[in-house]
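Subject: Structure handover

Hello,

Here is the structure I promised to pass on. Please open it first, then read my notes below.

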Amino acid sequence: MEKFTIVQSARAIPSRVVTNDDLASFMDTSDEWISSRTGIRQRHIVDTEDTSDLAVAVAEKLLHQAGLTADQLDFILVGTMSPDTLSPSVAQIVQGKIGAHNAFAWDLSAACSGFVYTLSMASSLLTTRYERGLVIGAEVLSKLVNWEDRSTAVLFGDGAAGVLLERTTAATGLLAESLKTFGERSQFLTAGQQQNANHFAGTLKPADPYFKMDGREVYSFATREVPNVLNEALAKADLTPDDIDVYLLHQANGRIISSIAKRFGQPIEKFPMNMASYGNTSAASIGILLDELREAGTVHAGQTIAIAGFGGGLTVGALIIKV
């Protein structure tokens with residue numbers, strides 16, 4: 001076991017709500033079409049904020065709730081696929097804005113698996129020589145969306161969430177994990193293409209910064225590989241699906257989650273969903289769900305939870321955590 005404790009959780013959600021009916025007012029879609037296929041009914045979209053603004057808000061909430069100062073942090077890790085800039089990273093902007101002078105900071109890009117991968121990395125850091133750090137998933141996906149493409153525009157939303165972690169001697173933390181990448185399938189979900197327009201470049205193809213997704217391939221990937229990594233992590237922890245109190249899966253599609261619950265023979269109540277309110281917020285989705293569940297008392301000390309993400313890369317990962 002890699003021992004740590006989740007001291008606090010927090011989320012930052014843009015105030016603007018865009019409903020399915022709002023989208024139907026300017027594209028060929030409907031609330032019924034979107035919700036029946038995805039479970040999504042609305043999403044939150046920023047006005048002027050960027051990804052780092054949401055991440056800073058989460059960091060400040062975490063510190064305030066814990067009664068800590070930023071100088072007491074050892075590291076800040078941010079999972080994101082929609083940074084403000086390539087350099088500085090979102091984590092480095094957060095570190096500077098909150099005054100975490102003793103913390104190192106970097107971003108991790110694993111798309112919708114970003115929170116899982118980043119939490120795994122933080123667990124390893126706390127097992128070595130660090131005492132305390134922040135893990136944040138933050139996204140402004142609205143800047144990567146082609147708002148004329150209904151196949152992707154209806155799916156994504158903006159938001160951020162995170163946790164404050166500390167090393168502990170208690171029997172809590174990471175019991176087991178399984179992380180996998182399938183780069184040979186990377187073409188099935190892409191975003192953020194950049195063009196090299198250097199002085200020496202030849203004829204260039206126009207860059208496409210927007211989401212491109214093969215929905216059938218991604219659905220097939222998720223319903224196949226998420227159970228695989230969950231089973232591998234459970235086996236490493238010497239646990240069965242029945243031993244998990246709550247499954248926190250990336251909130252991309254309600255049908256994907258229902259399919260996985262059925263495959264594991266578990267009641268759907270153990271697989272909470274909130275994509276109806278937020279849409280797919282990529283690296284932020286699991287953190288948002290975790291914070292809501294901790295706030296409601298659904299996730300609490302003494303439980304064993306499973307966290308699983310999947311998305312661009314293609315990436316997938318599962319963590320088994322004793323809370």
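How far apart are the end C-alpha atoms of residues 107-181, and how much of the span is helix and how much strand? The end C-alpha atoms lie 18 Å apart. The span is 25% helix and 40% strand. Keep in mind that this is a predicted model.

Helix α5

Helix α5 covers residues 114-128. At 1.5 Å a residue, its 15 residues should span 21 Å. The end C-alpha atoms of α5 are 22 Å apart, so the two values agree. The helix is mostly covered, with 11 of its 15 residues buried. Among them are Gly114, Phe115, Val116 and Tyr117. Further along, the buried residues of α5 include Ala122, Ser123, Leu125 and Leu126.

Helices α3 and α4

Next, a helix pair. Two packed helices are described by the angle between their axes and the distance between the axes. Here the pair is α3 (residues 51-66) and α4 (residues 90-98). Their axes come within 9 Å and cross at roughly 50°. That angle makes α3 oblique to α4. The crossing is right-handed.

Which residues meet? From α3 they are Thr51, Ser52, Asp53, Ala55, Val56, Ala59, Glu60 and Leu63. From α4 they are Val90, Ile93, Val94, Lys97 and Ile98.

The buried residues of α3 include Leu54, Val58 and Leu62. The buried residues of this helix pack against β1 (2-12), α4, β6 (132-140) and β7 (158-167). Glycine 67 follows α3, and its phi is positive, near 70°.

Threonine 29

Is threonine 29 buried or exposed? Its relative accessibility is 13%. Buried means under 20%, so threonine 29 counts as buried. What does threonine 29 touch, leaving aside its neighbours within four places in sequence? The contacts are Leu23, Ala24, Ile34, Arg150 and Val154.

Best wishes

Terms used
Residues numbered from 1 in each chain as written. Predicted model: local features only at pLDDT ≥ 70, side-chain atom pairs only at ≥ 80, totals over all residues. Heavy atoms only, no water. Helix = DSSP H or I, 4+ residues; strand = E, 2+ residues; numbered from the N terminus. Expected span 1.5 Å × (residues − 1). Buried < 20%, exposed > 50% of the residue type's maximum accessible area, 1.4 Å probe, protein only. Axes fitted to C-alpha atoms, helices over the stretch in contact; angles between N-to-C directions. Parallel < 35°, antiparallel > 145°, perpendicular 65-115°, else oblique. Left-handed = near helix turned anticlockwise from the far one by under 90°. Contact = heavy atoms within 4.5 Å.
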